[in-house]
Amino acid sequence: MASLHVYSVLVILFLTCGAVMATKENDQIIRENNCETKMGLPYVLEASTSIFVTGSISNKCCGKLVLGKVCYSALVNRTLENPLFKDISAATIIAKSIQTWNNCLALIDSPSPSA
């Protein structure tokens, strides 16, 4: 019985360390790539609102967003780690973030009506 308790503690410790490392890794990626400055906080917030609430995003925000898939992925992964979103499944967040990314790519790649 004691070995089961020790095993449980080790598993919890391993999972906790993995989550902390993942958080540090995403934060490091965001810092090293200057993501929040490059994308701009208003656009990061608009992208988050698109993922979690509205499903729509402005052309200007898309222009900032598609500057970097690495930044976008790190910001989404950091969101997945946030306890505020624990009630939303990771699969749902990932699916909506992919949809937002694809919508932005389509907006950016499509020719403007004035062309």
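This is a predicted model: local features need pLDDT of at least 70, side-chain atom pairs count only at pLDDT 80 or more; totals for chains, interfaces and linings use all residues.
Trainee: How much of the chain is buried?

Mentor: Of the 115 residues, 23% are buried, and buried means under 20% relative accessible area.

Trainee: OK, now Thr-79. Why is Thr-79 called buried?

Mentor: Set the value against the cut-off. Buried means under 20% relative accessible area, and Thr-79 has 16% relative accessibility, so Thr-79 counts as buried. You'll find Thr-79 in helix α5.

Trainee: What does the side chain of Thr-79 reach?

Mentor: That side chain gets to the backbone oxygen of Leu-75, at 2.9 Å. A polar contact needs a pair of N or O atoms within 3.5 Å, and the 2.9 Å here is the value to hold against that. If you skip the neighbours within four places in sequence, Thr-79 is in contact with Phe-52 and Phe-85.

Trainee: Next, α5 and α6. What makes them roughly antiparallel?

Mentor: Their angle. The axes of α5 (residues 69–81) and α6 (residues 90–109) cross at roughly 155°. Angles over 145 degrees count as roughly antiparallel, so α5 and α6 are roughly antiparallel to each other.

Trainee: Why bring up a distance as well as an angle?

Mentor: Because two packed helices are described by both the angle and the distance between their axes. For α5 and α6, the axes come within 10 Å. As for the handedness, α5 passes α6 in a right-handed crossing.

Trainee: Which residues meet there?

Mentor: From α5, you have Lys-69, Tyr-72, Val-76 and Leu-80; from α6, they meet Ala-90, Ile-93, Ile-94, Ser-97, Thr-100 and Trp-101. Sorted by kind, the residues of this contact are seven nonpolar, two polar and one charged.

Trainee: And α3? Which residues of α3 are buried?

Mentor: In α3 (residues 41–54), they are Tyr-43, Val-44, Ala-47, Ser-50 and Ile-51. They pack against α2 (35–39), α4 (59–65), α5 and α6.

Trainee: What follows α3?

Mentor: Gly-55 does, and its phi is positive, near 80°.

Trainee: One last thing. How do you know what share of the contacts join residues at least 24 apart?

Mentor: Take the contacts between residues at least 6 apart in sequence: 70% of those join residues at least 24 apart.

Note on methods:
Residues are numbered from 1 along each chain as its sequence is written. Side-chain values use heavy atoms; hydrogens and water are left out. Axes are lines fitted to C-alpha atoms, for helices over the stretch in contact, and angles run from 0 to 180 degrees between N-to-C directions. Helices (H or I, at least four residues) and strands (E, at least two) are DSSP runs, numbered from the N terminus. Angles under 35 degrees count as roughly parallel, over 145 as roughly antiparallel, 65 to 115 as roughly perpendicular and the rest as oblique. A crossing is left-handed if the near helix is turned anticlockwise from the far one by less than a right angle, and right-handed if clockwise. Contact means heavy atoms within 4.5 Å. Ala, Val, Leu, Ile, Met, Phe, Trp, Tyr, Cys and Pro count as nonpolar, Asp, Glu, Lys and Arg as charged, and the others, Gly among them, as polar. Buried means under 20% relative accessible area, exposed over 50%, partly exposed in between (1.4 Å probe, protein chains only). A polar contact is a pair of N or O atoms within 3.5 Å; within protein, one must be able to donate a hydrogen and the other to accept it, and residues adjacent in sequence count only if both atoms are side-chain atoms.
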